[in-house]
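Hi there,

Here is the structure I promised to pass on to you.

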Amino acid sequence: MLQYVFSFFSSLNKNAHPGDIAHGVALGLMLAILPKNNLLWPALFAFSIFVRMNKGAFFLSFIFFGFISPFCDVLIERLGFWVLSLQALHGLYATLDTIPFVGMTKFYNTMVAGGLLFGLILYVPVYIIVRLLVRLYRTKVQPKFSKIEGSKSFGVLSKIPILRHLKKIKDVKDMIEQ
């Protein structure tokens with residue numbers, strides 16, 4: 001888990017493509033919203049492992065949005081009920097239900113259908129917002145941190161025990177990787 005945190009923060013400060021970070025956050029949100037008791041969730045998770053994105057951003061956003069998603073359950077359930085009750089799609093649902101293993105995705109569940117639709121709706125706005133935030137961070141905030149790094153106050157911050165231990169862990173990790 002710690003490697004994903006380091007991966008995320010190092011990619012923020014390096015020249016990693018902002019789109020990779022944005023895809024990681026958006027996919028993490030999508031999987032956090034979707035219920036985990038169906039075949040659709042592991043299929044999307046396996047797909048996300050092979051997508052080019054920042055895995056640190058993916059796992060951190062998955063954990064973060066996993067704590068927030070229960071507060072959206074009512075909205076997700078209503079959205080799922082709406083999409084499942086559309087008369088125009090009933091033929092499609094009947095056809096999908098006859099295909100082997102598709103029924104195991106539980107697409108007919110209001111929470112699964114609503115979670116998938118809600119995740120797809122939020123994907124593009126979250127992608128755009130995160131991409132803009134990464135650009136804003138790199139142009140406005142990161143230069144200020146580089147000025148602080150050489151100052152005396154940064155030396156005081158590096159004396160905090162938890163920060164020292166995290167730095168030691170990162171140094172050991174970097175030494176092992178070489």
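Below is what I found, starting with the whole chain and moving on to single residues.

First, some housekeeping. This is a predicted model, in which local features need pLDDT of at least 70 and side-chain atom pairs count only at pLDDT 80 or more, while totals for chains, interfaces and linings use all residues. Residues are numbered from 1 along each chain as its sequence is written, and side-chain values use heavy atoms, with hydrogens and water left out.

**The overall picture**

The protein has 9 helices and 0 strands; here helices (H or I, at least four residues) and strands (E, at least two) are DSSP runs, numbered from the N terminus. Of its 178 residues, 32% count as buried. I use buried for under 20% relative accessible area, exposed for over 50%, and partly exposed for anything in between (1.4 Å probe, protein chains only). The accessible surface comes to about 11600 Å², and 73% of that belongs to carbon and sulfur atoms. These areas come from the Shrake-Rupley method with a 1.4 Å probe, and for residues only the protein chains shown count as cover. Among contacts between residues at least 6 apart in sequence, 78% join residues at least 24 apart, where contact means heavy atoms within 4.5 Å.

**Helices α3 and α4**

How do α3 and α4 lie relative to each other? Their axes are 11 Å apart and the packing angle is about 150 degrees, with axes being lines fitted to C-alpha atoms (for helices, over the stretch in contact) and angles running from 0 to 180 degrees between N-to-C directions. The two helices are therefore roughly antiparallel. For that wording, angles under 35 degrees count as roughly parallel, over 145 as roughly antiparallel, 65 to 115 as roughly perpendicular and the rest as oblique.

On the α3 side, Trp 41, Phe 45, Ser 48 and Ile 49 meet Lys 55, Phe 58, Phe 59 and Phe 62 of α4. Ser 48 is worth a click: this α3 residue is buried at 0% relative accessibility. Not counting residues up to four places away in sequence, Ser 48 touches Leu 27, Leu 31, Met 53, Lys 55 and Phe 58.

**The salt bridge**

Side chains of opposite charge can pair when their charged atoms come close. A search of the whole structure finds 1 salt bridge, defined as a side-chain nitrogen of Lys or Arg within 4 Å of a carboxyl oxygen of Asp or Glu. Arg 52 and Asp 20 are the partners, with their closest N and O atoms 3.5 Å apart. Arg 52 sits in the loop between α3 and α4 and Asp 20 in helix α2, so the pair ties together parts that are 32 residues apart in sequence. Arg 52 is exposed at 64% relative accessibility, whereas Asp 20 is buried at 15%.

Ile 63, Phe 64, Phe 67, Ile 68 and Phe 71 make a nonpolar surface patch of about 580 Å². Patches are built from residues with over 30% relative accessible area and no salt bridge, joining like charges within 9 Å and nonpolar side chains (Val, Leu, Ile, Met, Phe, Trp, Tyr) within 5 Å. Ile 63 belongs to helix α4, residues 55–68, and is partly exposed at 36%.

Ser 69, in the loop between α4 and α5, is buried at 11%. Beyond its neighbours within four places in sequence, Ser 69 is in contact with Ala 32 and Ile 33.

Gly 80 lies in helix α5, residues 73–84, and is buried with a relative accessible area of 0%. Leaving aside neighbours within four places, Gly 80 contacts Thr 110, Ala 113 and Gly 114. The C-alpha atoms of Gly 80 and Thr 110 are 4.2 Å apart, although the two are 30 residues apart in sequence.

In the loop between α6 and α7, Phe 101 has a positive phi of about 70 degrees without being a glycine. Phe 101 is exposed at 60%. Lys 106, found in that loop between α6 and α7, is likewise not a glycine and has a positive phi of about 55 degrees; Lys 106 is partly exposed at 28%. Its C-alpha atom is separated by 8.6 Å from that of Asn 37, 69 residues away along the chain. Asn 37 lies in the loop between α2 and α3 and is partly exposed at 48%.

Best wishes
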